[in-house]
Amino acid sequence: AGRVGIRTACHMTRVRDRRFSAWRGVSRVAAFFAGHGSLVSRTQACSDLGWQSLHDVLTKAHRHTDFQNVFLSDVADLTDASPGMPWYKEHYQDCVEGFLSLVLYFSIHNKAKQAALIDLASSTARELNPLALRSGLSSWPLFGLLDKLHLIWQAGERAAPLSTEPWRRAPCQEPGPAVVTPLPAAFAAGSTDVSPFSLVRGLRPGALVIDAGVFDGTDWSLFSVFAGVTVIGFEPLATNRRLVDERFPPALEKLRPGATRSPDGRPCRRHTLLPVLPGEATPRTPWADIFPASRSNAAPDPDLRACDGDDGASSPLGHTYIIGAALGERVRGLNMTTRYDYSSVADQGYLKGPKDMKREEVAMTTLDEVFGSYLAPSGRAPAHSIDVLKIDVEGYEMGALRGAEQLLAEGRVHYLILEFHPGMLGSTGTDPLGMLAFLRHYCFLCHSFKIDRPYGLQEFVARYTSSAEVLPVQGLGAIEDIVCQNLAWRPPHSPIAPRGQRSWAESSE
């Protein structure tokens, strides 16, 4: 260490002049990151000798007892000579972690450009999983600067993390046990096909399912309509709603031939699309005009007619009403980065993305707003409660839960189906343990398909966050759907009050 310190001191003037020469284009590099995210395909991370050498040198620098003040000239040897700083910038996507580590190290020793370098580091970190970084799963030194980086992004803009603290009183006297249990065999409804869809088989005709994250309508909406259930779905992206038009009818027809034909043989719909303008909370089409579905049959175009009643078979079919908005924590318009596979309100640059990602202005609303301001005032709310609330919104689950907190506080949700994916939750700043504690506060006990004994909440989360294998810095990571049951469930007898009436808000006082 002494030799390093002496050597560095002797070379400080020379090194200071040359070690930052490669950073004269910082603004151009930052613009590149801001504009392109993760569009370039990645090779095996950090496998090149240049990155391996840099890892050794930066690890050595980090171990120096005074790395804040002593610049290791070995770093300058790599960035000035071979392979050189231009090479590291050109190949940064082969090892985003390494490039981030290098930028952070330079930010320590270049006070004049420190702010610009920290901004560049934040842009670089957009391509890494925030939760994995905060969990210490990167093998590269971050020099204690992680808290200086902004890790939560939405459509290329900085966003605030989602809080998991409950804001309302619970409908039960005591929360349930602080565990996640194996999924009860009863949920399988006597079938070998044990999946969340098993819940739908046991629902009565006319039950209400909320499908947050419809995509093309061929999973929850499809099987719920097949089971005779009323579905209110949420899908913000116009491309996905077009997929519903293309894929949902033939998929339903395959399950039940004749399902999309009226008794006289004319085509009819078992889905209704309800657009919402960005910044508005609800569709402009009055709910009373379209529910039940047969009320909308005054449409002059026969192809737009809703299927009236069942198809003559012994078991009735349902209908899905798809609202063109994202579910979140508040009403607003927002730009959303679209991608075919994992579209989310939050940016997820740590996932390898297609080259045709675009931004689309969409509406965001809350479930409380839809029930209190749209369904309840119509006098035709489909039910007093929600039988199944399914939320699969690619990491924005906590936002959707926050926007349904009044319904949760009133005990109007029987079952919750959630995609539990700490990696994606991390992209919104959601603490996965905090989200499970939030559900417990509102009297839910969650069940897993992948465990054979009860797990404490912290122990369960650790299954998904304890190593780079289950929570990689780049890549999808471990994931599952969990089923959460309201232990305080009692079928509500009173209808949901229109928003603004005291009965709607009194449970929070």
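**Entry 1: a pair of strands.** In what sense do β8 and strand β10 (residues 358–365) pair, and over how many bridges? I found that β8 and β10 run in the parallel sense, with two bridges joining them. I noted that strands are DSSP runs of E of at least two residues, helices are DSSP runs of H or I of at least four residues, and both are numbered from the N terminus. Two strands count as paired if DSSP finds at least two bridges between them. Then I looked up a bridge partner: leucine 327 has threonine 365 in β10.

**A note on the model.** This is a predicted model, in which local features need pLDDT of at least 70, side-chain atom pairs count only at pLDDT 80 or more, and totals for chains, interfaces and linings use all residues. Residues are numbered from 1 along each chain as its sequence is written, and side-chain values use heavy atoms, with hydrogens and water left out.

**Entry 2: the sheet around that pair.** I traced an open sheet of three strands in the order β8-β10-β9, and its pairing is mixed. The edge strands are β8 (326–327) and β9 (332–338), as each pairs on one side only.

**Entry 3: strand β7.** Next I turned to β7, where six of the six residues (319–324) are buried, so this strand is largely enclosed by the rest of the structure. Buried means under 20% relative accessible area, exposed means over 50%, and partly exposed lies in between (1.4 Å probe, protein chains only). I checked both faces of β7: one side has His319, Tyr321 and Ile323, the other has Thr320, Ile322 and Gly324, and all are buried.

What does β7 pair with? Strand β5 (residues 230–234) pairs with β7 in the parallel sense over five bridges, and valine 231 stands opposite threonine 320 of β7. Strand β6 (residues 271–275) also pairs with β7 in the parallel sense over five bridges; here I found proline 275 opposite glycine 324.

**Entry 4: helix α12.** I moved on to α12 (residues 367–375), where eight of the nine residues are buried, so the helix is largely enclosed by the rest of the structure. Among the buried residues of α12 are Leu367, Phe371 and Tyr374.

**Entry 5: the whole chain.** Finally I stepped back. The protein chain has 18 helices and 15 strands. Of its 509 residues, 55% are buried.
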